[in-house]
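Colleague: Could you walk me through reading backbone torsions and helix packing in a model?

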Amino acid sequence: MKYWLHRIKQCPNISHPLIKEKALLSIGFSEIAITKDFLEYCKGNKPNFDKLYKKTYKGEIWISRLSLWRFAFEMKKGDFVVVPGPRNFSVYKIKDDTVLLPSNIKKNLQGLKDWDGNSVYYGGEKLRTENNQVIDLGVFRKVEPIEIDISSNDYADRKLTSMLKCRFTNVDISALSDSVNTAIKAFAHRKPIDLHAIVLEENAKTTCEKIKQKLNPDKFERLIKWYFERIDANEVIIPPKNHKDKKGDIDIQATFEHIKAVVYVQAKFHTGETDSWAVEQINDHLRDIAGIDDGYSKLGWVISMADAYTPQAKNLAMKRNIHLINGLEFTKMLLEVGTPTVPE
């Protein structure tokens, strides 16, 4: 039995009602899911899977395909799945080893509506809303709820809290099985980890103000570098500010060899609100390196000491899959890994 983290990112207006009302965990990739004999052709055969993926997506072979492989062929009956939300998480158990495609869940769609009140149906080999909008959900797993909407602040320990912030679609978190089981038990008995949440919240507010008062943009970048080093990044660099043929902009680059991921950060030592320019800078850089097939997932973050982001920044970040972190959130991240220090 394994423990997985699976972040529902694709079509949340449908995928969240689908799991809460119909107990169906979903992932995207509808184009490959409707391919003839997709499951039989790929099952247990990674080269076949890669070959079909490349053919379906016109020669592209993105690292994100591995999330589909894990979802369809590595998750097994009895495995626990942690599904993060904005401030909480839910825990489900995989009900059986059957992998479902859109054509298999037609009966489950009865009575299902998206967040806008549109009915959902199966048509043309894909899921659609009543206004004929195609829904990019292609593969599903039956689950049963263990505990729903567990407060992250109240019931997740440090290790689990850190993992809940992981931006990958899914990842094996079996090493954190004790943390997950403890959270399940504590939530069932309504015994939250109050001390951790209270102390962290109070210290974060004070520390956040101190960072704003005492640091400058250069020291802020070094503080972010310190953070990534504390969470075991193998290499953290602050690239030169100006160089030839530069496209987009990043301030910190952190490489994690053990999970084959690189986090590219745009740092903003702002107050008030941070606008969409920060998102555009990091997005331009990610587009510039998108064609590099080096086996690493490439994640874009904006870390700002501002209190919030403008609506335009949030909308663009959602469209471009850029993770936004404000000053208080970043301060909590720092405190989770130790007392912040700024290297000279």
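Colleague: Is Glu125 buried, partly exposed or exposed?

Modeller: Glu125 is partly exposed, because its relative accessibility is 44% (buried is under 20% relative accessible area, exposed over 50%, partly exposed in between, with a 1.4 Å probe and protein chains only). This is a predicted model, where local features need pLDDT of at least 70 and side-chain atom pairs count only at pLDDT 80 or more, while totals for chains, interfaces and linings use all residues. Residues are numbered from 1 along each chain as its sequence is written, and side-chain values use heavy atoms, leaving out hydrogens and water.

Colleague: How should I read phi?

Modeller: Most residues other than glycine have a negative phi. Here Glu125, not a glycine, has a positive phi of about 75°. Glu125 sits in the loop between strand 5 (120-123) and strand 6 (126-129); strands (E, at least two residues) and helices (H or I, at least four) are DSSP runs, numbered from the N terminus.

Colleague: Which phi does Asp232 have, and where does Asp232 lie?

Modeller: Its phi is positive too, near 70°. Asp232 belongs to the loop between helix 10 (217-230) and strand 10 (235-237), and is exposed, with a relative accessible area of 55%.

Colleague: And how do I describe helix packing?

Modeller: Two packed helices are described by the angle and the distance between their axes. The axes of helix 11 (residues 277-289) and helix 12 (residues 311-320) come within 9 Å and cross at roughly 20°; axes are lines fitted to C-alpha atoms over the stretch in contact, with angles from 0 to 180 degrees between N-to-C directions. Helix 11 and helix 12 are therefore roughly parallel (angles under 35 degrees).

Definitions and conventions: Parallel < 35°, antiparallel > 145°, perpendicular 65-115°, else oblique.
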